[in-house]
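Hi there,

Here is the structure I promised to pass on.

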Amino acid sequence: MAVSGNGRGKLTADKRYGTQKATPAKSTSGGRPPRKPAPRKPRRQHGFVVGLIVGLWRLIWRIIWGVTWRVGAVVGMVLALTVFYFYSQLPAVTELLDGRARGSVTMLDREGQVFAWRGETFGGQITAENVSRDLHNAVIATEDKRFYGHLGISPRGIAGAIRINMSQGRSPLSGNGGSTITQQVAKLLCLGVPYNPTEWKSEAAYEQDCRSGGVWRKVKEIPYAMAMEVKYSKQEILTIYLNRAYMGAGARGFEAASQRYFGKSANEVGPAEAAMLAGLLTAPSRFAPTNNLIRSQERAAVVVGLMEEQGFLTPAQANDARQNPARLSKAAETKSGGAFADWVMESTPSFLSSATTEDVIIHTTMDQRLQKAAEDAVKFVFETKVKEGSKAQAAIVVMSADGAVRAMVGGREAVAAGSFNRATQAKRQTGSSFKPFAYAAAMDLGFTPADYVEDTPLTINIPGSGAWTPKNYDNQFKGMITLSQALAESRNIPAVRVSEAVGRDAVRRVANGFGIVSALADGPALALGASESSLLEMSGAYAGILNGGSSVTPYGLVELRLQGEQDMLLGATGGVGQRVISEEASLYLTYMMNRVIENGTGTRAKIPGWQAAGKTGTTQAARDAWFLGFTAEYVAGVWMGNDDNAPLTGVTGGGLPAEIWREVMVRVHQGLQPQTLPMLVPEPKLPPGGYYAPSPNVMADGQSPAPVPQPGAGEWQGEMPSQEVIIYDGPVPQDWINEGPVEGDLADQILRDVLGVFGN
């Protein structure tokens with residue numbers, strides 16, 4: 001220690017070491033000083049409980065992450081393998097454009113214009129490149145606006161669909177599915193599962209299963225859609241969609257729908273038509289314009305709004321489309337010829353019609369002008385002359401003399417294809433409309449309309465059935481009258497006498513020869529129309545009378561060929577056949593039927609300026625009412641009745657059926673030059689002489705009846721004697737009625753009866 005100078009010095013520590021000069025260390029980095037280590041952040045201290053929780057969370061997260069990426073890897077590998085599998089199974093695009101298991105039938109009228117389709121029509125292949133640009137844009141705007149930006153599925157679209165479903169109270173996967181166009185194509189292709197007729201009840205059941213929802217099907221859609229995105233281009237996927245989508249009214253694909261609804265190709269449609277077609281995709285049957293045009297137009301307006309919103313239409317174009325909505329073509333709008341088309345399908349071999357696997361074109365005898373005339377006539381009479389609430393039905397057939405059917409109405413209202421066709425399928429008793437065949441047999445044996453028949457009481461005793469006495473409508477007897485008068489006034493007893501005189505076999509032969517192929521009655525009521533027949537059969541039989549006495553087979557098919565082929569596979573199978581009665585007999589019979597309209601039971605059927613011939617018919621208890629007849633141009637038949645066979649109220653063949661017939665024929669003959677009927681007017685004959693003097697011109701049952709006295713031959717005293725009882729075999733109906741002449745007090749009575757139908 002050192003001591004200071006005053007004896008008490010300042011104490012200081014001795015230096016233990018000598019002073020040394022710091023020597024800088026050699027740098028290994030070019031002379032730069034070494035980097036100082038960053039100060040270490042002190043570790044956060046946790047309590048025991050918190051540390052335990054944190055540790056557990058970290059452990060769970062490591063486990064979840066480890067499992068998730070492994071599961072994700074496995075799912076990714078499975079998805080990739082599934083996508084590859086579907087990719088390897090997908091065929092060329094051209095094999096997927098027409099997926100129908102059956103073909104279609106397209107029907108053309110006599111002018112070559114389409115008027116009906118059956119089956120699922122396929123209009124032909126179109127592509128996303130050549131289809132109308134407006135249609136292309138309408139489909140994208142409506143179904144998948146992000147179509148060109150996704151890989152087959154749209155998570156955003158699925159999320160939006162789930163949100164909509166839940167907001168509307170449905171389960172997440174019920175209702176909107178958020179499917180892309182690619183997914184919809186996958187569904188249309190049934191995820192690659194082909195239709196097998198042995199495994200499915202029908203093609204409709206197969207397609208229903210393909211369209212069904214569910215989580216599992218949605219899961220399978222994803223890899224299939226992705227495989228399609230890998231295999232095909234976007235345009236090819238859209239092409240498949242445009243060709244396979246169902247568009248309502250039996251149209252498969254946009255080309256078929258465009259032809260069906262608008263009569264033009266899908267390459268030619270404008271914005272309004274494109275919007276209507278695209279609007280069908282949501283619910284084809286509900287929005288089909290042939291079912292409800294207004295509803296379809298309203299849906300199209302929504303699509304136009306989407307197109308405008310997404311920039312596919314300018315505001316001006318959108319407004320024009322809204323103000324001028326799409327309308328149906330004439331053929332689609334009229335809905336005409338449904339019953340006719342059904343009949344053609346039924347009469348064509350099934351392998352070329354209902355069961356065809358090809359697309360078939362059938363050229364028919366249909367005349368759309370005449371078809372509309374028939375439909376308008378039915379509508380007019382039922383709207384103006386039938387009381388509201390009536391369930392009565394009507395059917396009409398119009399044909400040429402050679403049997404070519406020009407129009408057919410199967411019921412008072414247009415109904416869906418395949419509905420009951422009363423013109424061809426209903427077998428009803430013919431009543432007095434059958435009587436011309438009994439008189440035709442007489443004319444063919446040499447009698448003339450001027451010959452006489454006795455209208456006197458007649459009783460026939462039938463073994464096992466008892467006595468049968470046919471009645472006249474007025475319960476009166478006119479004695480000796482001409483055959484012409486007997487038919488004109490539709491008197492029953494003379495018709496039975498004529499039939500028995502010429503022989504029932506002769507009457508059956510004539511009726512069968514003219515095309516009445518239904519079973520005919522065995523008993524004497526044969527002459528009164530106890531047998532059943534269809535309106536088409538009866539109309540064809542009357543056509544045989546018009547064409548000179550030869551048989552006629554009604555037909556509607558002219559030729560059948562496959563679409564795109566020139567060779568005819570099937571030609572007309574109907575037309576004029578063999579002679580049934582002599583030409584002279586047919587001319588006489590035409591004269592007699594002309595008298596029916598001129599001064600008999602059919603006066604309400606008169607056509608201004610035209611000669612016409614026809615016959616009324618009313619069956620037992622007025623369950624059926626008929627009027628059939630013809631001019632020199634056309635034959636037409638009308639039937640009225642109830643589907644449940646209930647009696648008509650105040651209707652006879654000479655009433656409403658005759659009026660419908662007249663309304664049809666007036667419209668049918670518009671613009672035509674009146675022609676005279678081919679008929680032969682008979683030479684007048686004097687009635688038989690005195691009451692006890694038989695005449696060879698008097699028709700009777702097995703023997704000549706005693707004639708009534710002639711004018712000036714003395715006044716008749718006492719009752720007119722009844723015909724001798726004759727024994728016949730075979731069943732007969734009871735209570736037959738027929739129409740009387742529309743004249744005098746009787747006309748007033750019929751008018752009062754008919755007015756009961758009018759509701760006033």
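In which hand does H15 cross H22, right-handed or left-handed? H15 passes H22 in a right-handed crossing (a crossing is right-handed if the near helix is turned clockwise from the far one by less than a right angle, and left-handed if anticlockwise).

Before the rest, a word on the source: this is a predicted model, in which local features need pLDDT of at least 70 and side-chain atom pairs count only at pLDDT 80 or more, while totals for chains, interfaces and linings use all residues. Residues are numbered from 1 along each chain as its sequence is written, and side-chain values use heavy atoms, with hydrogens and water left out.

**The helix pair.** Helix H15 (residues 368-384) packs with H22 at an angle of about 145°, and their axes are 8 Å apart. Helices (H or I, at least four residues) and strands (E, at least two) are DSSP runs numbered from the N terminus; axes are lines fitted to C-alpha atoms, for helices over the stretch in contact, and angles run from 0 to 180 degrees between N-to-C directions. Residues of H15 that meet H22 include Leu370, Ala374 and Phe380, with Leu656, Ile660 and Val664 among their counterparts in H22 (contact means heavy atoms within 4.5 Å).

**The sheet.** Five strands make up an open sheet with mixed pairing, in the order E2-E1-E5-E15-E16. Strands pair if DSSP finds at least two bridges between them. At the edges are E2 (114-119) and E16 (570-571), each pairing on one side only. Helix H14 (residues 338-346) packs on this sheet, where it touches E1 (104-108), E2 and E5, and its direction makes about 50° with that of E2. Strands E5 (residues 359-364) and E15 (residues 557-562) run antiparallel and are joined by five bridges; Val360 has Leu562 as its bridge partner in E15.

**An enclosed helix.** Helix H2 (residues 133-143) is largely enclosed by the rest of the structure, because nine of its 11 residues are buried (under 20% relative accessible area; exposed is over 50% and partly exposed in between, with a 1.4 Å probe and protein chains only). The buried residues of H2 pack against several helices, including H4 (181-188) and H11 (293-309).

**Two loop residues.** Ser490 has a positive phi, near 50°, and lies in the loop between H17 (483-488) and H18 (492-502). Ser490 is buried, at 0% relative accessible area. Asn645, in the loop between E20 (635-641) and H22 (656-668), has a positive phi near 65° and is partly exposed at 36%.

Best wishes
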